Amino acid sequence: MSEKLVNLIADLQEEEALATARQLIEGGTDPMAILERCREATEIVGKRFEQGQYFIPDLLMSGEILQEISELAKSRMKKGITTGYAGKVVMGTVEGDLHDIGKNIVAFFMEANDFQVFDLGVDVTPEKFVEKIREVQPDVVGMSGLLTVAFKAMKETVDAIKEAGLREQVKIMIGGAPTNEQVANSVGADAYAKDAQHGIELAKHWVTSC
Ligand code: B1M
């Protein structure tokens, strides 16, 4: 069934994809696992776009399907929300990049895991990151980026945090489909998170070991 979901999203069959996701959620499949399959489907969409089979409206449609499925998954997750306090996270999609579906999923799961999340949205300049870090003194800063040009913006953001004298106070993680450990090293971040679960594990580890 989850394989079917991947194919339906990749083929942009909105209604059937939503119905299948609903069936999976109601059947007790872990919402996080469903979202991971959705991410796999968007890789296929991305490839078809690169190969000239899909165009911008198709990217938009895949984004819409993903948003709707993540809302479904989130409504199921809310039941598990606890009441403690794990730490503060300032998060955003870096300057020049407007992709936010993955970032929103990560922010949601962080909140569901007791982090106080300050989500700055998309196209966030280094100055806005610095301003928010000064204001709320977070434990963790998260930068999301889906475009390879976002790597430059990530580096500029880390540099701005250093110049503001705030680098030692925060741990920085990056995420987004094209990122990896090497990108994290090259932009001066502390780590790369491959998905929401990994991001939560990293943030929890940092907060508890400080
Ligand atoms: Co765009 N797009 N897009 N797009 N888009 C990609 C990223 C692309 C790879 C497609 C492709 O060509 N194969 C390509 C980038 C190529 C590159 O730079 N090398 C691309 C392009 C080229 C573009 C435009 C330039 C197209 C154009 O206009 N010519 C344009 C750029 C606009 C801009 O940002 N300035 C553009 C626009 C768009 C839409 C607006 C239409 C739409 C986004 C809608 C939205 O976000 N609200 C869109 C979409 C949907 C995609 C694809 C198909 C799907 C992205 C997505 O949402 N994935 C994408 C193809 C792909 O990713 N392979 C593509 C699902 C999401 C759940 O995964 O974001 O990876 P992801 O998040 C994961 C993990 O990565 C991780 O956790 C999440 C959950 O597992 N994670 C973090 C993410 N952030 C994290 C942060 C963390 C920790 C973990 O801590 C801080």
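**View 1. The largest pocket of this predicted model has a volume of about 1500 Å³.** A pocket is an open set of points on a 1 Å grid over the protein atoms alone, where a 1.4 Å probe fits, with protein on both sides within 12 Å along at least five of seven lines; lining residues have an atom within 4 Å of a point. Of its 47 lining residues, Arg39, Thr42, Gly102, Leu146 and Ala177 are the closest to the centre. H3 gives the largest share of the lining, 11 residues. Helices (H or I, at least four residues) and strands (E, at least two) are DSSP runs, numbered from the N terminus.

**View 2. Helix H3 (residues 31-50) and helix H4 (residues 56-77) have axes that come within 10 Å and cross at roughly 175 degrees.** This makes H3 roughly antiparallel to H4, a term for angles over 145 degrees. Axes are lines fitted to C-alpha atoms over the stretch in contact, and angles run from 0 to 180 degrees between N-to-C directions. Look for Ile34, Leu35 and Phe49, which are among the H3 residues that meet H4; contact means heavy atoms within 4.5 Å.

**View 3. His99 (NE2) is the only protein donor of the ligand's cobalt atom, at 2.3 Å.** Donors here are N, O and S atoms within 2.8 Å of the metal (3.2 Å for Na, K and Ca). Histidine 99 sits in the loop between strand S1 (87-93) and helix H5 (101-112).

**Reading the views.** Residues are numbered from 1 along each chain as its sequence is written, and side-chain values use heavy atoms, without hydrogens and water. In this predicted model, local features need pLDDT of at least 70 and side-chain atom pairs count only at pLDDT 80 or more, while totals for chains, interfaces and linings use all residues.

Conventions
Angles under 35 degrees count as roughly parallel, over 145 as roughly antiparallel, 65 to 115 as roughly perpendicular and the rest as oblique. Grid points are joined across faces, edges and corners, and a volume is the space filled by probe spheres set on the points.
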